[in-house]
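This report describes the structure shown below. It begins with a single residue and then widens to the whole chain.

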Amino acid sequence: MAMVAFAANSILCRLALRDTGIDPFGFTAIRLGSGALMLVLLMQIRAIRQRQKLSPLSAGSWAAAFCLFAYAFAFSFAYVDLNAATGPILAFGAVQATMILAGIRSGERPPTREWLGFALAIGGVTYLVFPGVAAPALGPAICMATAGLAWGFYSLLGQRGDDPALATTGNFVRTVPMVLLLQPLFFAELRLPATGVMLAVCSGALTSALGYVIWYAVLGHLTATRAALVQCTAPVIAAVGAVVFLSEIITPRLVLAGVSVVGGVALATAGRKSN
């Protein structure tokens with residue numbers, strides 16, 4: 001479910017920036033703001049039902065919020081000029097490199113099965129996007145790699161939390177002052193067409209807010225290496241979503257890449273309990 005949400009964010013962002021005329025900063029601001037509002041409302045409902053008094057800032061951290069903001073900001077600006085094939089491999093390549101290196105540095109020693117599964121999954125993603133990819137422009141490529149790096153650190157920080165929903169709420173709420181701080185720099189370029197705003201709200205309130213709660217909930221049960229590996233499925237899901245929602249054509253390459261990725265993830269995650 002979390003990977004479906006990640007893939008949906010790619011589709012919503014590409015669709016909004018490509019077809020509606022919304023600007024990338026406006027998309028990011030609405031995405032983070034609507035995500036924060038949705039999560040605060042859900043936490044308040046939970047607090048009332050449990051007869052508790054909870055502060056939205058009682059969990060999460062400024063470090064995680066900064067990583068979340070940096071990811072969303074760079075992600076939106078990258079998709080202004082980056083094509084649909086190049087974006088996922090740049091982003092998730094950076095995510096996987098960040099999390100696997102961090103896992104090894106912290107003492108994780110993935111067995112051969114996980115390395116083979118990882119190679120199979122990466123091979124599937126590369127096969128899916130590489131044959132039709134032209135060399136991307138340097139600026140958008142750096143933006144997307146930065147987004148992946150930030151998301152990798154955000155995921156690593158999420159492994160330490162005890163209450164995924166409250167931690168995600170705290171992180172989203174903390175991004176709001178960051179948006180407000182940068183808003184004067186982009187005010188003259190704001191373009192907020194109704195359709196673009198609607199897509200940004202869907203991305204923020206649904207696929208980001210709820211999807212990230214699910215992701216934070218499972219992170220505590222995954223090693224950094226496995227968390228990186230599972231995210232190999234997101235580009236494939238995004239490609240399938242493009243077929244369904246953007247009328248792109250199913251190709252043998254998509255089918256073979258999907259089998260490779262799913263098989264690699266299954267190989268790596270079977271046969272050993274996570275730490």
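In this predicted model, Ser155 has a relative accessibility of 0% and therefore counts as buried, since the cut-off for buried is under 20%. Ser155 is found in helix H6, which covers residues 138–158. Apart from its neighbours within four places in sequence, Ser155 is in contact with Met99, Trp215, Leu219 and Gln231.

**Helix H6**

Ser155 is one of several buried residues in H6; among the others are Pro140, Met144, Trp151, Tyr154 and Leu156. The buried residues of H6 also include Ala141, Ala147, Ala150, Gly148, Gly152 and Gly158. An α-helix has 3.6 residues a turn, so residues three or four places apart point the same way. The length of H6 can be checked by a simple calculation: at 1.5 Å a residue, its 21 residues should span 30 Å, and this agrees with the 30 Å between its end C-alpha atoms.

**Aromatic residues**

Which residues form one aromatic cluster? The members are Phe6, Tyr71, Phe75, Tyr79, Trp151, Tyr154, Phe172, Tyr212, Trp215 and Tyr216. In total, the count of aromatic pairs comes to 16. One of them is the pair of Phe172 and Tyr212, which is tilted, with 5.8 Å from centre to centre and 40 degrees between the planes. Phe172 lies in helix H7 (residues 164–186) and Tyr212 in helix H8 (residues 194–219), so this pair ties together parts that are 40 residues apart in sequence. Both Phe172 and Tyr212 are buried.

A charged residue also meets an aromatic ring: Arg174 lies over the face of Trp62, at 5.5 Å from the ring centre.

**The chain as a whole**

The protein chain contains 11 helices and zero strands. Read from the N terminus, its elements are therefore α throughout, in the order α-α-α-α-α-α-α-α-α-α-α. The following table gives values for the chain.

| Property of the protein chain | Value |
|---|---|
| Residues counted as buried, of 275 residues | 49% |
| Share of contacts with a separation of 6 or more that join residues 24 or more positions apart | 90% |
| Accessible surface | about 12800 Å² |
| Share of accessible surface belonging to carbon and sulfur atoms | 70% |

The pair of Phe172 and Tyr212, whose parts are 40 residues apart in sequence, illustrates how positions in separate helices are brought together in this model.

Methods: Residues numbered from 1 in each chain as written. Predicted model: local features only at pLDDT ≥ 70, side-chain atom pairs only at ≥ 80, totals over all residues. Heavy atoms only, no water. Phe/Tyr/Trp six-rings, centres within 6.5 Å; stacked < 30°, edge-to-face > 60°. Helix = DSSP H or I, 4+ residues; strand = E, 2+ residues; numbered from the N terminus. Buried < 20%, exposed > 50% of the residue type's maximum accessible area, 1.4 Å probe, protein only. Lys NZ or Arg CZ within 6 Å of the ring centre and 35° of its normal. Contact = heavy atoms within 4.5 Å. Expected span 1.5 Å × (residues − 1). Areas by Shrake-Rupley, 256 points an atom, 1.4 Å probe, with all protein chains shown as cover.
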